[in-house]
Amino acid sequence: MKSLSLYKIDPIPAYIVYEKPKKIIKNKRISIPEEIKAELQEKQEKILISEPSIALEEITSISPIPEKNFNRDVVNFSQSEISRYSSIIKQQVMSQWKKPSVTNSDLITEIRITLVPTGEIINTKIIKGSGIKSFDDSALTAIARVGSFEDLQMPSNLFEKHFRQFILVFNPNK
Amino acid sequence: MNALKGLILILLFVSSQSSLSQLRIEITGGAEDPINIAVVPIDWKLEFPQEEYLHEIIKKDLESFGEFKVLPPEGMLSFPSTEEEVFYRDWRLLNVDYLVVGNANKSEIEGELKISYFIFDIARERVIHKAILSGSIKSIRRVAHNMSDKIYKKVQGIPGIFSTRLAYIDKPSLDDKNYNLRISDIDGFNGISLFSSPQPIMSPNWSPLGDRMAYVSFEEGTSRIFIQTISTGTRSGIKLEKGINSSPNWSPKGDKLAAVLSKEGNPDIFLYDLKRESWSQITEHFGIDTEPDWSPNGKSLLFTSNRSGSPQIYQVNVRSKRVKRLTFEGTYNARARYSPDGKSIVFVHRRDGVFHIATQKIKSGKVRILTDTSLDESPTISPNGNVVIYATKRKDEDILAGITIDGKTKFILPSLRGEVREPAWSPILD
């Protein structure tokens, strides 16, 4: 199997991602241990945080992940760790975002961010624009004003898996 | 061996998997601070001095609704006037989000000047707009308002309203015994009296192009609707009917007026065809129907009616004449106006015996009170939908006040003279 180029793939909605592996597995006749299967399920959960305080509740409400005894590099990280760093990122972007006055609601912009381990943003790409340039620009400006995220020191494997590249969804109507 | 291969595949698969399902972080709110913008004094290359500074007019414009904070020249480290002279780092140090620089030159056309200017996004280090603007040297305020509009549009994504005008009525005072229909710039400058009469004048309403005004005058002893061309001042009364003739409101196409007539005995909503000079009836009810306002798409009208016992806002389809009640909260909802997108209305709402300006999304029906003063009336919405100006009382004086549609910024319009009422916001004027 050719190794996939990790970062050139457009994000695929989680429900599509779910199904693909099953097919591949069937064709190749590889049985996946139940544990890993369960692990994959965990991994697919989207993290949608509406408010930092709610995030804490969400984290506590997530059922504890059973302890696994195989290599942590292979398995997923706990949701609480991801949530913690997600909310650090969210806070820093929100404090720099000055929303324009565009009154017609329902504007959403999705921007893919690429970081280096120091937290510095090295690339931004609009993957779903709102259709209103000034709204998209305000999001890009906020990211440019952040420049480099602070307090993102984390295990390198966690960084590689979730934070080298992620998507910021600017959705003021949430 | 096969087992090993399988394991490698699993490992490969698991690690590539994580990159496919990318983490999504939702940004739901932004900073509450105003946008910091620096407007460098425009490099004035004409032989005579400027009477009013462009950057000062622009500063006042941009700060009027609380959305911008404009850095004064005293706080600047340099005064660039061209793209090449801008060092982003200087402005980043000053915590500036956007920068405007420009220079004014003589135009080939006599009596005109040309301003070339640039708007920079400091964080992203790029020019987001550059343009050359020309205008009359005599109307430097208009040129400045024009620039403010462009800056506003580029940053906020909706048209600026600094070149729009406001019509209003002022009541007789000690130094003027007449009622006056006045028009001024939105900042209160350049006020003129369009029509003056010892008898009441009411309900000014702009034509969709902003070139004419419809209003009610009692100069003939009874109420009559007049149309006046602003540039020439010529005016004429439209076809008079028995009883009340009031509340004219132009259709978006400009071919009709909605108005209130009581020729059948009680007030109902009628349409006046300006070409055919004829009336046709829209609502027919024994209650009072009044204060019509056209929807931006021209398909329906808002009006106030007491048909249910208390004044409420209704919407009528102009073609089918089907009526739908829109407001259900409280026992007094009146004088409604559509927002420019036609999705919301702004109106007078009474709560606990106090009259407020309120807004409501037509679909959801939920009322949001904008003003915390009392006796607020006659709301008029800016053509970009972002600001409401209304009449209110301060120390028993009639004044005009304004509030942004998010309720965050309030302001009072300096009254030029007398006591002012019934504001009407012009469309965007070219």
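## A buried strand residue in chain B

Ala336(B) counts as buried because 26 C-beta neighbours lie inside 10 Å. The term buried applies to a residue with 20 or more other C-beta atoms within 10 Å of its own, exposed to one with 12 or fewer, and partly exposed to one in between, with C-beta atoms placed from the backbone. Ala336(B) belongs to strand E23 of chain B, which covers residues 333-338. Helices (H or I, at least four residues) and strands (E, at least two) are DSSP runs numbered from the N terminus.

Leaving aside residues up to four places away in sequence, Ala336(B) touches Asp293(B), Leu302(B), Thr304(B), Ile313(B), Ile345(B), Val346(B) and Phe347(B). Contact here requires C-beta atoms, placed from the backbone, within 7 Å of each other. Ser378(B), 42 residues from Ala336(B) in sequence, has its C-alpha 8.4 Å from that of Ala336(B).

## Basis of the model and confidence

The model is predicted: local features need pLDDT of at least 70, side-chain atom pairs count only at pLDDT 80 or more, and totals for chains, interfaces and linings use all residues. Residues are numbered from 1 along each chain as its sequence is written, while chains are lettered from A and ligands numbered from 1 in the order in which they are written. For the complex, the predictor reports an ipTM of 0.70 and a pTM of 0.78.

The pLDDT is the predictor's confidence in each residue, on a scale from 0 to 100. Chain A has an average pLDDT of 70, with 53% of its residues scoring at least 70. Residues 1-30 of chain A have pLDDT below 50, and this stretch makes 32 contacts in the model beyond near neighbours in sequence. Residues 41-74 of chain A also stay under 50, and the model gives them 47 contacts beyond four places in sequence. Chain B averages 91, and 94% of its residues score at least 70. Within chain B, pLDDT is below 50 over residues 11-19, a stretch with 16 contacts beyond near neighbours in sequence.

## Overall make-up of the two chains

Chain A contains six helices and three strands. Read from the N terminus, its elements follow the order α-α-α-α-β-β-α-α-β. Of its 174 residues, 26% are buried. Among the contacts in chain A with a separation of 6 or more, 73% join residues 24 or more positions apart.

Chain B has four helices and 31 strands. Its C-alpha trace spans about 95 × 75 × 45 Å along the principal axes. Buried residues make up 42% of its 430 residues. Residues 24 or more positions apart supply 42% of the contacts in chain B with a separation of 6 or more.

## Helix packing in chain A

Helix H4 (residues 79-96) and helix H5 (residues 133-146) of chain A have axes that come within 8 Å and cross at roughly 115°. The axes are lines fitted to C-alpha atoms, for helices over the stretch in contact, and angles run from 0 to 180 degrees between N-to-C directions. H4(A) and H5(A) are therefore roughly perpendicular, a class that takes in 65 to 115 degrees, whereas angles under 35 count as roughly parallel, over 145 as roughly antiparallel and the rest as oblique.

On the side of H4(A), Gln92(A), Val93(A) and Gln96(A) meet Ala142(A), Ile143(A), Arg145(A) and Val146(A) of H5(A). The residues of this contact comprise four nonpolar, two polar and one charged. In this scheme Ala, Val, Leu, Ile, Met, Phe, Trp, Tyr, Cys and Pro are nonpolar, Asp, Glu, Lys and Arg are charged, and the others, Gly among them, are polar.

## A mostly covered helix in chain B

Helix H2 of chain B (residues 54-63) is mostly covered, with seven of its ten residues buried. These are Leu54(B), His55(B), Ile57(B), Ile58(B), Lys59(B), Asp61(B) and Leu62(B). The buried residues of H2(B) pack against strand E2 (35-39), strand E4 (68-71) and helix H4 (140-156) of chain B.

## Positive phi in two loops

Asn95(B), a residue other than glycine, has a positive phi near 60°. Asn95(B) sits in the loop between helix H3 (88-93) and strand E5 (98-106) of chain B, and its 13 C-beta neighbours inside 10 Å make it partly exposed.

Phi is likewise positive, near 60°, at Lys321(B). This residue lies in the loop between strand E21 (312-317) and strand E22 (323-325) of chain B. Lys321(B) is exposed, with 12 other C-beta atoms within 10 Å.

Definitions and conventions:
Two residues are in contact if their C-beta atoms, placed from the backbone, lie within 7 Å.
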